[in-house]
Amino acid sequence: MAQKFYVVWAGRQTGIFTDWPTAQKSVDKFAGARFKSFATRAEAEQAFHGGNAAPRQTAGGPAAGRAVNGRNGHVAHRFEVSIYCDGACDPNPGHAGSGIAVYRNGGLTELWYGLYNPRGTNNTAELNALFHALRMAEAEIQSGHTVEICSDSAYSINCIRTWAPSWEKKGWKRADGEIKNLEIIQACYEIYQRIKKELTLTHVAGHVGHEGNELADRMAMLAAQRREKELRLFEETKDIPALLKMRAG
């Protein structure tokens, strides 16, 4: 039987698997699970890291082969450092905060919350979170680590990866009006330009069970609730199930 590769975008564990029984454990009875099988590792990696999520479907029978890397054939942790960033605002506009979850070699090591703005928006909160994630990523890259930033904000990612180059060429102007949140976009773009060749910037679906994204969301809501203006390290117990029960944004 030909080797297959199974991509799980939403499940108990996300990533690329080389055997169906392991992948199945991640998606079986998982609400909103999204997964698909691919004939080659290259296709699977392109689909997973490009965020081309598929609807729930049957991936097919078992495949031969051992794990590519990591535990149980899971290779989502191909980066030494994964930084999840998120923003929340309640109401929108209103009380806004940002959160960050940092993973090293697949394990949660740090949670950050803060950047409270009493007159913020979801977009400003997302951009503020991304700015600080980029700062962290730059420091990690300078230390020789492979780094990925994950955000569920397509707006924030598009601002710095897709739209900013054109805006910059036009003197940071748009033909149809002003660029909202320009100052923080420029700050993000400046860092991104320096590290984009070494950084992987990934869009992840929000509220579908990605642990890192969910934890960053809880930290963002905590920042808004506590009205914490500084970005602070969360120093309380990192009980992940308990943290996930906190108020979501």
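Contact here means heavy atoms within 4.5 Å. This is a predicted model, where local features need pLDDT of at least 70, side-chain atom pairs count only at pLDDT 80 or more, and totals for chains, interfaces and linings use all residues. Residues are numbered from 1 along each chain as its sequence is written, and side-chain values use heavy atoms, with hydrogens and water left out.

**View 1. Asn 128 and its contacts.** Asn 128 lies in helix α3; helices (H or I, at least four residues) and strands (E, at least two) are DSSP runs, numbered from the N terminus. Leaving aside neighbours within four places in sequence, Asn 128 is in contact with Ser 98, Leu 115 and Ile 184. Ser 98 sits 30 residues away along the chain, yet the two C-alpha atoms are separated by 6.7 Å. With a relative accessible area of 23%, Asn 128 is partly exposed (buried means under 20%, exposed over 50%, partly exposed in between, with a 1.4 Å probe and protein chains only).

**View 2. Helix α3 beside helix α5.** The axes of α3 (residues 122–142) and α5 (residues 182–195) come within 9 Å and cross at roughly 25°. That makes α3 roughly parallel to α5 (angles under 35 degrees count as roughly parallel, over 145 as roughly antiparallel, 65 to 115 as roughly perpendicular and the rest as oblique). Axes are lines fitted to C-alpha atoms, for helices over the stretch in contact, and angles run from 0 to 180 degrees between N-to-C directions. Look for Leu 130 and Leu 134 among the α3 residues that meet α5, whose own partners include Ile 184 and Ile 191.

View 3. Ile 149 in the largest nonpolar core. This core has 33 residues, and Ile 149 is one of those with the most contacts inside it (a nonpolar core is a set of buried Ala, Val, Leu, Ile, Met, Phe, Trp, Tyr and Cys residues joined through side-chain atoms within 4.5 Å). Helix α3 gives the largest share, nine residues. Two cis prolines in one loop. Pro 91 is found in the loop between β4 and β5, and a cis peptide bond joins Asp 90 to Pro 91, with omega about -5°. Pro 93 has its place in the loop between β4 and β5 too, and a cis bond joins Asn 92 to Pro 93, with omega about 0°. Most peptide bonds are trans.
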